[in-house]
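Biologist: Hi! Could you walk me through this one?

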Amino acid sequence: MAKAIEKWVEKIAALTQPKEIFWCDGSEKEAYKIIEKGIKEEKIGNMPIFHKLNQKSWPFSYLHRSHPLDVARTENLTFVCHPDKETSGPNNNWMPEKEAKEKLISLTKGCMKGKTMYVLPFIMGHPQSPFSKCCVQVTDISYVAISMRIMTRLGADALKIIGNSDNFIKGLHSIGDLDPKKRFIMHFPHENLVWSIGSGYGGNALLGKKCISLRLASWIGFKEGWLAEHMIIIGVEDQNGNITYLVAALPSACGKTNLALLKSTLKGYKVWTLGDDIAWLYIGEDGRLWAINPEMGFFGVAPGTNPKTNPIMMETLKKGSFFPTLFTNTALDIDKNEPWWEDLTTNYPKNLLDWQGNKFIDHNTKAAHPNSRFTVSITQCPTLSKEFFNPKGVPISAIILGGRRASLAPLVYESLDWQHGVFLGAMMGSETTSAASHKVGVLRRDPMAMLPFCGYNMGDYFGHWLEIGKRLKNPPKIFFVNWFRKDKDGKYLWPGFGENIRVLKWITERTQNKIDAEETSIGYLPKFSDFELSGLNISKEKFKSLFSIDKKSWNNELMEAEAFFEKFGSKMPLQLKEEFNILEKKLNG
Ligand code: SAT
Ligand code: MN
């Protein structure tokens, strides 16, 4: 009798009608066979899927160019279809399941004609962890097959664990004809199913990432008592060799990847990397919060990455291993056959093709797409923590949340307790940059950096955070950071990058109860004498402006947050309303 997984694949093949079915085993040999297919057989427009880059300077690296209208996640075409609209909440697009399936079936019928259907069995999380999830995704493009091999634990192990059972998360992906009008990324949490058609872009197509590890997993975690979060995981080692583990959620364009691979400027301090995007958090037997990274790779933004801003990522990208490294929509230095992006070097290479493969002439435009990306195995990261391979994960002492705020938020502050931290996290907002939107400096509410990724009603999500806090015997402290505060002349007050280790030092010392702090209306702030500033040109006065609290702006912030909270109606937990009232009183009392 055919196994459940074979039956499911047969059913999908009957609908999509591929020329052949290719079961992937995750081996090295197979990876290069798929890349060959991408170079010789598959195309987007008239462009091959992969271009082999200079293997001496960029070992095992390939360039991929997407369809020009398929360069980012499309939140407006992303749906979470719980049986009822209220469970999906105002934070998700929703349509009735019947209507959603009808649309998807008509778009998917025969969509793989003449193509290869790759079957990708993979595990999100460590195979020996009770929290890991087995998944199977089918796709009709080699780029996605290879990307999934880098980003997940793909291959025979997953098949072995799945065995005859039908206990696996299902992902159906096809690039369709890449027409944005025929594009949908739909989630069916009650069926453990993601169905995505019309896009080959990362978050829309690598279903293990945002679709499974955040949207579906957050819902599973809600029901099972754990959290799936949009967070990096790092270990901070101090002069005595003690390592404190932290998670951090920052919206895009807030230096999240740089923080995950931070190169310390403080002697004796070192940051160990465990993850750059997603953390699954569960309550351990010891009553502490533990974190695992379900992924195996980095899918990071290329522009701005260079030996100064992120030397460790540069090393990771250049390392090369039997996992290929992919560059998507970067520019191409023709003479060297190397990828290039803005700020990689100070000068433009002489002969450059832009991200669409045209000769780059107009220096008023960007050569690499602002959202051009690299896909690289985490195993190539020189600062990878050995605990990454521990199925238990790591115990978390602090949760860092934050955003980009030119004024308002101090460089760092600590919430008074878990509930207060959840409240501040729920009203989190960040200013957009030109890379993310054409309007610069527009404020977007993005609670816990999860707004586009929470697979259920965010009012329930806030309640779930509060519940988790109650169950933790020893909850992590919750901190807020803002690297982007500016002075009156619009200049950044804080140097950022490697110097952020100073903020991490203060945070870890607070978790170890080594130092006290100044209690204010919004939480605890560092004392000047406790904050490591040696070697930086930061006066007491400048320090004060990094940490000043402007009553008027905070009142204004509260007003905006109130309007945001109202969207969630009766789902909004009462405790957060209480916190709201307390803060309002403190600010004005
Ligand atoms: O959404 S993606 O996974 O494509 C990129 C990101 O926002 O982290
Ligand atoms: Mn992300």
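Predicted model: local features only at pLDDT ≥ 70, side-chain atom pairs only at ≥ 80, totals over all residues.

Biologist: Which residues coordinate the manganese ion (ligand 2)?

Modeller: Lys210 through NZ, His230 through NE2 and Asp277 through OD, at 2.2 Å. Donors here are N, O and S atoms within 2.8 Å of the metal (3.2 Å for Na, K and Ca), and water is not among the atoms, so sites may look incomplete.

Biologist: What spacing do the donors follow along the chain?

Modeller: The spacing is K-x19-H-x46-D. Histidine 230 is in the loop between β13 (227-229) and β14 (232-237), and aspartate 277 is in the loop between β16 (270-275) and β17 (279-283), so this pair ties together parts 47 residues apart in sequence. Helices (H or I, at least four residues) and strands (E, at least two) are DSSP runs, numbered from the N terminus.

Biologist: Is histidine 230 buried or exposed?

Modeller: Histidine 230 counts as buried, at 8% relative accessibility, and aspartate 277 is buried too, at 7%. Buried means under 20% relative accessible area, exposed over 50%, and partly exposed in between (1.4 Å probe, protein chains only).

Biologist: OK, on to ligand 1. What surrounds ligand 1?

Modeller: Its shell is Arg73, Tyr201, Gly202, Gly203, Lys209, Lys210, Asp277, Phe299 and Arg373, where near means a heavy atom within 4 Å. Lys210 and Asp277 also coordinate the manganese ion (ligand 2).

Biologist: Which side chain has an N or O atom 2.5 Å from an oxygen atom of ligand 1?

Modeller: That is lysine 210. A backbone N or O atom of glycine 203 is 2.7 Å from a ligand 1 oxygen, and for the side chain of tyrosine 201 the distance is 3.1 Å. Taken alone, ligand 1 exposes 250 Å², and the protein buries 91% of that; accessible areas come from the Shrake-Rupley method with a 1.4 Å probe, and for residues, only the protein chains shown count as cover.

Biologist: Changing topic: how many aromatic pairs does the structure hold?

Modeller: There are 37 aromatic pairs. Rings of Phe, Tyr and Trp (its six-membered ring) pair if their centres lie within 6.5 Å; planes under 30 degrees apart count as stacked, over 60 as edge-to-face and the rest as tilted. Phenylalanine 131 and tyrosine 282 are stacked, because their centres are 4.3 Å apart and their planes at 25°. Phenylalanine 131 lies in the loop between β7 (116-124) and β8 (133-139) and tyrosine 282 in strand β17, so the pair ties together parts 151 residues apart in sequence.

Biologist: And how buried are those two?

Modeller: Phenylalanine 131 is buried at 19% relative accessible area, and tyrosine 282 is buried at 11%. Another pair is tyrosine 201 with phenylalanine 299, which is tilted because the centres are 5.8 Å apart and the planes at 55°.

Biologist: Where does lysine 270 put its charged end?

Modeller: Over the ring of tryptophan 272, 4.4 Å from its centre. Lysine 318 does likewise over tryptophan 58, at 4.2 Å. The criterion is NZ of Lys or CZ of Arg within 6 Å of the ring centre and within 35 degrees of the ring normal.

How values were computed: Residues numbered from 1 in each chain as written. Chains lettered and ligands numbered in written order. Heavy atoms only, no water. Polar contact = N/O pair within 3.5 Å; in protein donor to acceptor, adjacent residues only side chain to side chain.
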